[in-house]
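Subject: Structure for your review, with notes

Dear colleague,

Please find the structure below, followed by my notes on what was found in it.

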Amino acid sequence: MKCERFLSIPIFMVFLLIGVVCYVTLFIFIEDWVGLKSSAGSLNALIFISLASLCLFSFFCCVLIDPGYVPASYVPDIEDSESSDQELKKNGISSRRCDKCSTYKPPRAHHCRVCRRCVLRMDHHCLWINNCVGYWNYKAFVMLVLYATLGCLYSTVMIIYCASHKDLEYSGSGGLKVFYVLSGLMMASLSIMLGTLLGWHVYLIIHNMTTIEYYEGIRASWLARKSGQSYRHPYNLSFYKNIISVLGPNVLKWLWPTAVSHLKDGLIFPTPRDNS
């Protein structure tokens, strides 16, 4: 059952971290700075709670939504299987047949050793969601990282504002200073780590790559240079087309993790050659 994925120590740690960050930001820093009952405190609390709620909703989506598995009945198109295999080998992409599952797999699908299945457009297996990040939940994963980054940045700003308006020198408590410093370091570290991860996936999105394909591309690029040729990622369409292939054509739904009606079956992906 999907709910069994929540029975994981890393997921429990994520819930614990979200709870601690929310409590500290709301009931210590915002309350101590302007007070939650004030208009400024209520506004800041509303903004932070909105970010935290969207982060938590995206997290649930990542855990519960199947990344997309290869149908047992899948067989590649016989008419272009030979040319497709040659194109895949030329670009350094792995073969269409999975040795572990002993079945065919569509382009961009990879076998997950943890899930023990082939996952459509697999990016990676994430320990923190106890699930693979693949075709159907990749957008939710990106939104999770986005809202988590924004929430951590907002919490960091609240700590800085609170510390700047509170006279710690005459507060009479050395433990309070330590608490402020440790909280600031923790939130700043989380912001940097999550921001780096967000930047990495923004790069992947605008190039229409997965993490696996990026590292495959490094090897393919090296092989191409060795033979005097140039390498181009086979699914890199254009800046805008790459973005809407993940986020969807409706800009108003870009930031909603479950707005994936633009996705098809995950078995066939367009290439620049299709438009030529």
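I begin with C132, which, leaving out residues up to four places away in sequence, touches P67, C112, C115, V119, M122, H124, H125 and N137. Please keep in mind throughout that this is a predicted model. C132 is found in strand 6, which covers residues 131-133, and with a relative accessible area of 0% it is buried. The C-alpha atom of C132 is separated by 8.6 Å from that of V114, a residue 18 places apart from it along the chain.

As for the chain in general, there are seven helices and six strands, and from the N terminus on the elements run α-α-α-β-β-β-β-β-β-α-α-α-α. Of the 276 residues, 44% count as buried. Among contacts between residues at least 6 apart in sequence, 66% join residues that are at least 24 apart.

Most residues other than glycine have a negative phi. R121, although it is not a glycine, has a positive phi of about 40°; R121 is found in the loop between strand 4 (117-119) and strand 5 (124-126), and with a relative accessible area of 6% it is buried. N130, which is likewise a residue other than glycine, has a positive phi near 50° and lies in the loop between strand 5 and strand 6. At 29% relative accessibility, however, N130 counts as partly exposed.

Turning to the helices, how do helix 1 and helix 5 cross, and at what angle? The axes of helix 1 (residues 9-33) and helix 5 (residues 174-206) come within 12 Å and cross at roughly 130°, and the two helices are therefore oblique to each other. The crossing of helix 1 and helix 5 is left-handed. On the helix 1 side, the residues in contact are L17, V21, V24, I28, F29 and D32, and they meet F179, Y180, S183, M186, M187 and L190 of helix 5. By class, this contact has ten nonpolar residues, one polar residue and one charged residue. The spacing within such lists can be read against the geometry of an α-helix, which has 3.6 residues a turn, so residues three or four places apart point the same way.

The UniProt annotation, which comes from an unreviewed entry, gives "transmembrane region" for residues 7-30, 42-65, 140-161 and 181-206. In the model, the span of residues 7-30 is 92% helix and 0% strand, with its end C-alpha atoms lying 33 Å apart. Over residues 181-206 the chain is 100% helix and 0% strand, and there the end C-alpha atoms are 37 Å apart.

N44 lies in helix 2 (residues 39-64) and is buried, with a relative accessible area of 11%. The C-alpha atoms of Y147 and L198, which are 51 residues apart along the chain, are separated by 9.8 Å.

Lastly, which residues of helix 7 are buried? In helix 7 (residues 239-247), they are N242, I243, I244, V246 and L247, and what covers them includes helix 4 (138-165) and helix 5. Helix 7 is followed by G248, whose phi is positive, near 100°.

Conventions. Residues numbered from 1 in each chain as written. Predicted model: local features only at pLDDT ≥ 70, side-chain atom pairs only at ≥ 80, totals over all residues. Heavy atoms only, no water. Axes fitted to C-alpha atoms, helices over the stretch in contact; angles between N-to-C directions. Helix = DSSP H or I, 4+ residues; strand = E, 2+ residues; numbered from the N terminus. Parallel < 35°, antiparallel > 145°, perpendicular 65-115°, else oblique. Left-handed = near helix turned anticlockwise from the far one by under 90°. Contact = heavy atoms within 4.5 Å. Nonpolar A, V, L, I, M, F, W, Y, C, P; charged D, E, K, R; others polar. Buried < 20%, exposed > 50% of the residue type's maximum accessible area, 1.4 Å probe, protein only. UniProt positions renumbered as here; feature names shortened; annotations may be inferred.
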